[in-house]
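Biologist: Could you walk me through this model and tell me what stands behind each label? I would like to hear the cut-offs along with the values.

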Amino acid sequence: MKITDIKTIILKYPYESFIADGQSACFGRGALLIQVETDAKITGLGECATFGASMTAMADIIENQLKGLLIGQNPLDIERLWETMVWSNFANGRRGIVMGAISGIDIALWDIAGKVAGLPLYRLLGANSDKVKGYASAGFYAPEKSIDDLKREMGSYMAKGYTAFKMKVGRSRNNIGMPHRYVNKGDFNISFEEDMARVAAVRETIGQDAVLMIDMNCTWDVDAVLAAEKYFDEYNIYWIEEPSRSDDVAGYAKIAAGLKRTKVAGCESEQGLARYKELLERGALDVVQANLGWSGGFTECRRIAALSLAYDKLFTPHTFFSAVLTAANVHFAASLPNVPFIESEENYNPLRTELLKEPIQCDSEMNYLVPQGAGLGVELNMDVVEKRNRTLRAISTM
């Protein structure tokens, strides 16, 4: 069996308004999908995480830097192909969008491997469970969104069956002198006291027994995080996510050592085994959140997850893109022993909810049920793909 072609699909869904985290605003959603075709008529499906990067630039990298390395190769030689892609682009590809492109291709290769074996991917990887608990990832800021709106939102997720929740904090005018603040539009802010009132309202809504996590998106400084420990304790915060800039390893180590009860989680924007090795060696993380579509695909993220286990740390893959990457993360999480739950985004995104012919199912307690078809076990709804392609073409001609 040989690889005959690698194709990319760029999809976009624009929001009428926007949602915001502590640092920036999101005006729409996108997905860069990968299709690896073979002479055996087996096609692998993958997705690259983008983190706001140009999807056309990533697609160009796949076409002009990576595709030529793989055409004519056996798609089951996954380790060798991963090494080929990385080392052929070592000077420019260990970080950023080249590694993101490699990640999406790697996911597609593993999809092929599962299809050839006739097994769901999580079983090929060594099944630990056939379901994965989801936590509601929500509680974003939005224009004119009140605390009562936030309480109703989180209450609706409780009604769906969630018992674990994550919300955004950090869009505070108290963060003086942070040079990376508000790198996108939507430049409103609130006071620290108002932010903590939001957290108190969510805790009141979900009750004392539910798991609550907060995500700062790199917006606080180290001393501010440590000074806020009393709030984390009062509201029984399970973890704080990316509290400060994620390249400040010493700062993360100081936070992790300083907090007595609350775990430190991160870092979704990091890439590669070497970077997570540094974070874990220095005691900077309690929960590792590598993104499968950004940090090296299944091939590299299996190593990162194993390293996390060796340090007795939890692993919860970052899951915030389309249904394809969600499916990949569900399979991945179900194959591992150190995953307590994974992110289940609740913002409206048809690229997550409508993209597949058969959406991924959850039970009454919001556990993802792992798809049982071969490979990823999912199939694109081409009507939705064509619809979103038309939207992209309409945007590009305006």
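Modeller: Happy to, and let's begin with Lys41, which counts as exposed at 75% relative accessibility. One thing to bear in mind is that this is a predicted model, where local features need pLDDT of at least 70, side-chain atom pairs count only at pLDDT 80 or more, and totals for chains, interfaces and linings use all residues. Residues are numbered from 1 along each chain as its sequence is written, and side-chain values use heavy atoms, with hydrogens and water left out.

Biologist: Why is Lys41 called exposed?

Modeller: The word exposed is kept for over 50% relative accessible area, buried for under 20%, and partly exposed for what falls in between (1.4 Å probe, protein chains only). Lys41 has 75%, so it is exposed. Its place is the loop between strand 2 and strand 3 (43-48); strands here are DSSP runs of E, at least two residues, and helices are runs of H or I, at least four, numbered from the N terminus.

Biologist: What makes the backbone of Lys41 worth a look?

Modeller: Most residues other than glycine have a negative phi. Lys41 is not a glycine, and its phi is positive, near 65 degrees. Asn217 also has a positive phi, about 55 degrees, without being a glycine.

Biologist: Is Asn217 buried or exposed, and how do you know?

Modeller: Its relative accessible area is 8%, so Asn217 is buried. Asn217 sits in the loop between strand 6 (211-215) and helix 8 (222-227). Leu259, in the loop between helix 10 (249-258) and strand 8 (263-266), has 6% relative accessibility and therefore counts as buried.

Biologist: Which peptide bond is called cis, and what is its omega?

Modeller: The bond that joins Gly266 and Cys267 is cis, with omega about -10 degrees. Most peptide bonds are trans. Cys267 belongs to the loop between strand 8 and helix 11 (273-281).

Biologist: What makes you call helix 13 mostly covered?

Modeller: The count of buried residues is 12 of 12. Among them are Leu325, His331 and Phe332.

Biologist: What links Phe332 to other rings?

Modeller: Ring pairs join Phe332 with Trp110, Phe298 and Phe315 in a cluster. Rings of Phe, Tyr and Trp (its six-membered ring) pair if their centres lie within 6.5 Å; planes under 30 degrees apart are stacked, over 60 edge-to-face, and the rest tilted. The whole structure has 19 aromatic pairs. Trp110 is part of helix 4 (residues 97-117), and at 11% relative accessible area it is buried.

Biologist: How do you know that Arg198 lies over the face of Tyr141?

Modeller: A charge sits over a ring if NZ of Lys or CZ of Arg is within 6 Å of the ring centre and within 35 degrees of the ring normal. Arg198 lies over the face of Tyr141 at 4.2 Å from the ring centre. The charged end of Arg303 is likewise over the ring of Trp82, 5.0 Å from its centre.

Biologist: What makes a space a pocket rather than a cavity?

Modeller: On a 1 Å grid over the protein atoms alone, a cavity is a set of points where a 1.4 Å probe fits but cannot get out, while a pocket is an open set with protein on both sides within 12 Å along at least five of seven lines; lining residues have an atom within 4 Å of a point. The largest pocket holds about 1,300 Å³, where volume is the space filled by probe spheres set on the points, with points joined across faces, edges and corners. Its lining has 42 residues, with Ser24, Ala25, Cys26, Phe51 and Gly52 nearest the centre. Strand 2 gives the largest share, 6 residues.

Biologist: And how many cavities are there?

Modeller: The search finds 1 cavity of 30 Å³ or more. Its lining includes Thr326, Glu343, Arg352 and Tyr368, and strand 11 contributes the most, 3 residues.
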